[in-house]
Every structure is written in C-alpha cells, then in structure tokens.
Amino acid sequence: MKKEKFYEVLGDLDENIIKAAETPPAGKPKFSWIGYGTALAACVALIIGIGTLVKYPSDNISTDTAIQPIQTETSPTVSVNTFTAPPEETSVPAEIISSSETTETADTSETPSVTVSETVTAIPTATETTASSKTAKTTNSGTKATETTSSETVPPAESTAVSEPPAETTQITTYLPLSPENYISDENTQILASAEYPDMPNYFNDGYDNWKSFRNSLRNNAERYADCFDDFFINSAKTFLSESKNGNKIYSPVSLYVALGMCAEITEGNTRQQILDAISQEDMDFLHRYIKAVWLANYSDDGIAECIFADSLWTNSDLTYEQSTVDSLAENYFASVFSGNPSSYEYNKMFQDWVSEQTRGIITPEADMVMSPEMVFTLASTVYYSGKWETKFPKSKTRPAVFHSPDGDTECDFMNMKTYDYYYWGDKFAAVSLPISCIGEMRIILPDEGVTPEELFSDKQAVRFMLVNRPYLYSNQKDVEINISIPKFDVSSEIDLEDGLKQMGITDIFDSSKSDFSPITEADIIDFNAKQSTRVFINEEECKAAALIAAGTAGAGEPDDTADFIADRPFIFEIVSDTGFPLFVGIVNNPLDF
Amino acid sequence: MDDKDIIKMYWDRDQRAISETSVKYGPYCTAIAVNILNDRRDAEECVNDTYVNTWETIPPHKPVILSAFLGKIVRNLSFNKFKHEHRQKRGGFETAIILDELCEIVSDTENVEDDIIGNELSEAVNRFISKLPSEKQYIFVRRYWYSDSLKDIAGKCSRTENSVSVELNRIRGKLKTYLNERGYDI
C-alpha cells in the first residue's frame, strides 16, 4: 500500500478517538515526578578586570584618574595593597593585616608619590605571583621594588586610600573573609539597572496554549544559532576538558560563550577581534542578535523546569564608565548593572548574594570570593539548570556498586533502570540519552574499554553525537530494551580560564600592554582574570538495599534486542537544552569526588 | 454555541451556521490544515472549502462529534492539496516526514486490492489504537491524524522530542505486527 493511501486510511479513525486526542490525557502522570529524580546544574563564569585606581603623573600614562589617592606631600612612596587568601594553616584575625615591605629603591628622588592598591580575588594560589608581577609593573614608572620587610595592621578603609610612610615601601594587604567588620561602609551601593527577564506563563496554571505560544515566541530567532556554536564547543571542550587529570572536570560552554561575548563588548581593536574569532562571530551586530537568540531560546522558568541565564556587570563607584557600553550590556546580554565601592561589605555581600541567588544556592560563593578594592569591573555570567527525569529511576533499584576510577576502584550508589529507548554507538563509545521533562536531556557517553573520555573529543562520531540537536538524528541508533546503570554524582570543578583562552587565541586581553578596554572605561586594566565554577549533580532518593549490580559493560557496536549500559568507568555527560544547545559538558572520573 | 445548535442551523439551512462554525472551530481546522500544508494561505483556502463542504454534507449527515467531522473534512482537503503541491515540491515538509514514517508500516507500493481493503483496514487500525494506553493513543493520533510535529507533541506531553520519537517508533512497530498477524500484508 502506498504511504499516502495509508495516511488516508488513518484519516478514518473513530471520531471518539479523534475527539479524545484534542486534549492531552487527563491525569497524565508526567508531572508526578517530584521526588523521583533530579538533575541540577549551575555554573558561574567570572571575568574580573583589575586596574589601577591611581594614575601616575608620568608622560606615558594618562592623568585623567578616576580617583586620586591621599598623598604625602614630600615622600615618594610606592605602596601596593594586595588581598591575598590567608594560608590554610594560619589563623588570621578578623581584620585587614598589612605587611609593609621595605623596598630597595633606586633613583626614587624624581619619582612622585604613588599609591597603588591591587587585589586578586578568589584565586589564592595565584595571588603572590600576580602581586609580584604587578609590583614590577608599578615600579616601571620610576621606582624599583625588590625586597620587602616589616608589617603592621591598618584599617581596611584606609588601606586603599592612604599612602603609607615611610618612603620606598611596598604594602601587602592580607585578605580576610567577608564580614561586616572587615570592610568599609558603603551607602552608595546600588543597582543601576536590573535585567528584565521574560515573564513566562506557568505551565500548570496559565494554560498550555499560552505557555506554548510564549515559549515559541522566545525561539523565533533560534533557527541557525546552534550551527554557529559548533566550532566553539569543540575547541573549548578540547581545551578545557583535555586534562582532567583523573579528577572531574566540568564546564559550561554556553556560559563561557556569553561571558566572552560580554568581553568582546567591552574591548576594542585586536583584543575584540581575537574574541570574535574564538567564538566564530563576524561582528558585534550579529553577536548581539546571536546572544539574544541563545538567551531567549534556552530560557525557561515556567513551573516545570528552570534554565536561567544571568549576567551582571559590577562597576566601581569611584570610576566612570562608558554609558553606551553599559547600556549595550544590559540590553543585549540581559545584564544587571551594579555600582559600589569594592572595598565595602555591602557591595561584596550583594555580589555574593547575586551569585548565590542566580544559581539557586547550588554555587555558594566562598567567603573569599570578594572584589578587589582596585577592581575596575567584574563581569559575572551564570547558568542555572534544574529539571526532573522524564522517566524516573526507581529508588528501590539503587544499588552500591564499584566505579573504576583512574585512581582506583571506589564504591558508590548506582541508579538503575530498565527502559525502552534509543541506544547510540560509535566506533569508540556507547551512549544513551536521559530525557529531562520539558527542558532537554542528559547524554551519557561511555568510552569503550581502553578509550579515555578525553579522546572522544577528537573522535568524529562522538563529536557528531554531542553536537546533534536531537539524538534521534544521529545515525547509529537502535530502539532496544536498555538496562541503564549510572552512578549518582555530585561533581564540581573550577577552571582558571586564562591558559585555555590563550590556547584558543585570546591573548591580548591578558596582556596589559596590548589589551584595549576603551569601550567600557579609560581606567588602566593591569590584571585580568577569568574563571568558571561549575557544579552538576544528579540524584534520586537514596536506597538502603545493599547488593552489587550484575557486572556488565557497554560496548560499541549495534546491540541486539537488549543492551546493558553500565557507566562504571569514566564517562562524559552532556546536558543539552531542548533546543539542542549544549549547556554543560563534563568528564566524571570519580562520582564521589566533589 | 452548542454543537447541536450549530448542526440544527445547518439542517435549517441557516447560513449563520458557517459563521458559527468558523468562530468555534476555525482555529481547530486551521491548525490541522497548517500542520499538513505548512502554508497559512493554502490552509485558509482549505478551511474555507471545509465550510462549503460541510454546508453541502449536512444534511444529510448529522455528525455526532462536530469537531471530528470537520477535522476529517479539512484533513482530507488539506492532504489532497498537499499531494498536489508536493508534486511541485512546495511546502508540507512535516507531512513528508510523517509519510516516510508510515513507510515502516506499509510497503509503499501500489496493490490492486488497496481500495477494497481500505474500510476493513481502517477498522483494524481503529481496534488497535483503541487498545493503546491513553498517552500512547494520544501521541499516535496527534502525529498521524492531526499531523502535529514532534516538538508540539513533546510539549503537550511534557516529554522530549526524542522520547516521543521513540514512542512512535515503538507503536508503529506494534501496529505493523498487529496488522500482519491479521492478514494485512500491506
């Protein structure tokens, strides 16, 4: 029979059946998953520009200083204040401790008095190095600081504003955790602009048609956006996941992409071009439309699931910023804009609260995630994702079992399920896709024995599977009965992005002699940090049963009618939005290594 | 207005029946036609033809379920238009995909007895579908009667497109087996 004829035969269905299909089945159990299982992920990407708030009155440096230090009239001084994380073994009192360091100075007689304060936040191990390099840079303007001595305690408010006698000293300020007494009061802390998020109809309360109509309206521009993302996804995944070093490594390509887009917004010239090249964008106009499309197409806050992007710009109230750029960030990146004194408790608290709130507490900033007094700007980009498994993992089937980590075998809880679904395979891997209600899916990609997860980022088939918008469009698939067994995991990772971004060709932004931040501020940016913190966990309620699951191995190749998919060795997971956009990707080497 | 009142207007040859039908079932018919044709102008043309066709068939018909009655007419008209347009390679991309999916059930070759077994086959399909669990039935009918996209069905079922695709694949396989076991080698 011709297919057209059969289509016509189907047209003669019983009218009661047709009528019944006018509305979804009543009492459909798809929303009774509360408590069954959860997939949660959150990510925050921080881009921090730190600069000199004080300008040197020398020929080669602009004198249009945003704020001026209180300077001693006669003593030529160089003072570098740097927040550093306290050593773990050291108990630090709740106050700022300054250690003034005597410098061996050559030819300071002609050097004007200068106070420079610099802060590196939340990267304690990098602080000393950074401080050193900054000191060297500072002294290039006329003073050579080579050696340090002495220490004293000063109030934090003064540490940024007062030149410390005696002359020829470098002052090192030790960081303390965020608490009100450590910081100055700041009445100027304020929100300059709040991003307006779409007010999505609630799936349950506002009617399906309204919900669907609104959701479709958010996705009008999303037709080709996934295509632009492919090269960036592969390059960045290879770069940031290539060396997991037996630990877990996760990152959010979409969060990084948006953060880099914001960086392109605030830079100019070759600095910007390098970023645009890395994210495969032709120009700023297209970038704006693209970011908006990505943002809107993936946004979800409708009572079923959440996928929430949030961006923000944290400015220094003592500096001036180019308003048009600030406006563009707010408009094109849905960025909220804040202003305040980075030395103030209120401002730091607001910053930490913002990160915590946008990630729904999944990422709670450590107390040392504080802003530098010398912070010129901080860009923060977060992604929060929360959904429920479409098909629950039965709690009664959860079993402890052995996971073969590169560091040795470890026992952890495995969620088990028998399902009828597509099973995917390539020459070097097997994979399944676990649907998450109304918001996407998690793809679990298990390398064959002897293949590392990192290798799969260079495997064409695996890459194809990771990039395909819908897994059923991937060629090697079969609808079979699958025994799925995957470990519950709660993994996190923090990546210092600098090296990776440099590998991707973004170098100027980290080089103060080449970086061009003129679109956002005229202030000198002498240090630039970029890092990303990500956390992903999947779970369901714990089961007390204690029996090992049957040993089995998923292997490449077409399965028969049934297949075992047992992720008991390092694997890749990928959380993909329901528009086919890779939101999170990571390598789990040890499910218990948080 | 109640369906009974609208149908009575048709029987009374009251032309307001058409406008009342349009108000109540216009969007419903248009959605079906757009699904099949993927062209709003063509769809509106089919919907208008549906009203005319309905006017001409009631009486003598007295539909029990007016929406399904109208739906069948607009589905037939739209599909006829699709076949015509498809020969000219215009529109109906989703419908072409749906037809390809149906190739998993039928051979897609012409047999002389196809027209003869048409009604019988229709009954068998009805029996099969009526035995499906309500959600599977819903998914199948939305796809192959209403011609909804996978995305739309996924949204209505709070599933992913992938799982809807899996479900349909499974139902097609079962329907083929069901029909083969009953002697329909189609």
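Read from the N terminus, the elements of chain B follow the order α-α-α-α-α-α-α-α-α. The secondary structure amounts to nine helices and zero strands, where helices (H or I, at least four residues) and strands (E, at least two) are DSSP runs numbered from the N terminus. The model is predicted: local features need pLDDT of at least 70 and side-chain atom pairs count only at pLDDT 80 or more, whereas totals for chains, interfaces and linings use all residues. Residues are numbered from 1 along each chain as its sequence is written, with chains lettered from A and ligands numbered from 1 in the order in which they are written.

Among contacts in chain B with a separation of 6 or more, 64% join residues 24 or more positions apart; a contact requires C-beta atoms, placed from the backbone, within 7 Å.

## A helix pair in chain B

Helix 2 (residues 16-37) and helix 3 (residues 40-57) of chain B have axes that come within 8 Å and cross at roughly 135 degrees. The axes are lines fitted to C-alpha atoms, for helices over the stretch in contact, and angles run from 0 to 180 degrees between N-to-C directions. Helix 2 of chain B is therefore oblique to helix 3 of chain B, since angles under 35 degrees count as roughly parallel, over 145 as roughly antiparallel, 65 to 115 as roughly perpendicular and the rest as oblique. Residues making this contact include Gly26(B), Cys29(B) and Ala33(B) from helix 2 of chain B, and Ala43(B), Val47(B) and Trp55(B) from helix 3 of chain B.

## Contact between the chains

Chain A contributes 44 residues to the contact and chain B 51 residues. On the side of chain A that touches chain B, helix 1 of chain A gives the most, with eight residues.

Beyond its neighbours within four places in sequence, Leu260(A) is in contact with Ile275(A), Ala278(A) and Ile279(A).

Definitions and conventions:
Two residues are in contact if their C-beta atoms, placed from the backbone, lie within 7 Å.
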